[in-house]
Amino acid sequence: MRRSIALLAIPLLLTACSGSGSGSTAAACKQQFWDGTLGVCLPANWKVMDKETLQSRGVPEEVAAAFQSSVGVAGQNPTVTITKETLQSDMDPVAYSQASIRAVAALPAYKLIDTRAVKVSGKNLEIHVFSAKPLPEEPERRFYQLSTTNKSIGYTLTALTPLSVASSLETEILTIMKSLTFVDPSESAASSK
């Protein structure tokens with residue numbers, strides 16, 4: 001679970017927006033990301049961050065992918081990252097998700113805000129929404145986190161926002177997280193025809 005805690009130490013990459021607004025329960029998928037192992041759906045205005053940009057920002061190698069909104073708020077652009085860790089053996093996705101939740105519950109100023117049900121590869125998991133302090137000198141922030149496994153690899157999607165988040169941004173973040181797949185979208189589209 002070290003990648004969950006380590007990821008919280010890179011708030012310069014994970015940014016957010018504040019305010020309130022209204023939005024639907026799902027944002028439209030405008031671009032499908034697939035890296036050969038995992039995929040997500042990206043709403044409009046979200047782009048894949050290239051490896052060079054991530055390296056220049058000092059992002060750890062555990063970050064397999066990052067997505068950033070081109071719509072800045074308060075001088076920052078919201079970001080969702082996916083970290084991966086090699087496990088010693090195959091692990092049940094539900095057990096991995098619960099272990100990840102327990103790991104971040106030990107963070108300073110941790111408070112559970114909400115959980116959202118999501119199904120990934122047929123497994124019922126939770127998007128864990130909580131607040132915590134990423135670093136002692138920083139203010140409390142809101143996190144959205146989804147952890148699961150595929151074979152012997154653990155994956156965690158994380159987004160960081162201010163405590164108060166616009167519902168439209170929350171909808172976009174949840175759309176990305178709920179679309180996580182380990183099946184090539186082009187293969188699943190071809191088999192459904």
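This is a predicted model: local features need pLDDT of at least 70, side-chain atom pairs count only at pLDDT 80 or more; totals for chains, interfaces and linings use all residues.
Visitor: How many aromatic pairs does the structure hold?

Guide: There are 4 aromatic pairs.

Visitor: Why is the pair of F130 and F143 called stacked?

Guide: Their ring centres lie 5.0 Å apart and their planes stand at 10°. Two rings pair if their centres lie within 6.5 Å, and planes under 30 degrees apart count as stacked. The F130 and F143 rings meet both conditions, so the pair is stacked.

Visitor: What makes this pair a tie between parts of the chain?

Guide: F130 belongs to strand β7 (residues 123-132) and F143 to strand β8 (residues 141-150), so the pair ties together parts that are 13 residues apart in sequence. F130 and F143 also form a cluster with Y110, linked by ring pairs.

Visitor: How do you know whether F130 and F143 are buried or exposed?

Guide: Buried means under 20% relative accessible area. F130 has 0%, so F130 is buried. F143 also has a value of 0% and therefore counts as buried.

Visitor: Why is the pair of Y155 and F182 called tilted?

Guide: The ring centres of Y155 and F182 are 5.2 Å apart, with the planes at 45°. Stacked needs under 30 degrees and edge-to-face needs over 60.

Visitor: Where do Y155 and F182 lie?

Guide: Y155 is in strand β9 (residues 153-161), while F182 is in the loop between α4 (167-178) and α5 (185-191), so the pair ties together parts that are 27 residues apart in sequence. Both Y155 and F182 are buried.

Visitor: Which residues touch the most other members of the largest nonpolar core?

Guide: That core has 28 residues, and V40, F67, I82, Y144, L146, M177 and L180 touch the most other members. Elements that each supply at least two residues include β2 (39-43), β4 (63-69) and α4. Helix α4 gives the most, with 5 residues.

Visitor: What is V40 in contact with, leaving aside neighbours within four places in sequence?

Guide: Its contacts include F67, I82 and L180, along with Q31, Q32 and F33.

Visitor: Which residues does the second core include?

Guide: This separate core of 6 residues includes V104, F130, A132 and F143.

Visitor: Why is T175 called buried?

Guide: The relative accessibility of T175 is 9%, and the cut-off for buried is under 20%, so T175 counts as buried. T175 is placed in helix α4. Not counting residues up to four places away in sequence, T175 touches A26, A27, C41 and P43.

Key:
Residues are numbered from 1 along each chain as its sequence is written. Side-chain values use heavy atoms; hydrogens and water are left out. Rings of Phe, Tyr and Trp (its six-membered ring) pair if their centres lie within 6.5 Å; planes under 30 degrees apart count as stacked, over 60 as edge-to-face and the rest as tilted. Helices (H or I, at least four residues) and strands (E, at least two) are DSSP runs, numbered from the N terminus. Buried means under 20% relative accessible area, exposed over 50%, partly exposed in between (1.4 Å probe, protein chains only). A nonpolar core is a set of buried Ala, Val, Leu, Ile, Met, Phe, Trp, Tyr and Cys residues joined through side-chain atoms within 4.5 Å. Contact means heavy atoms within 4.5 Å.
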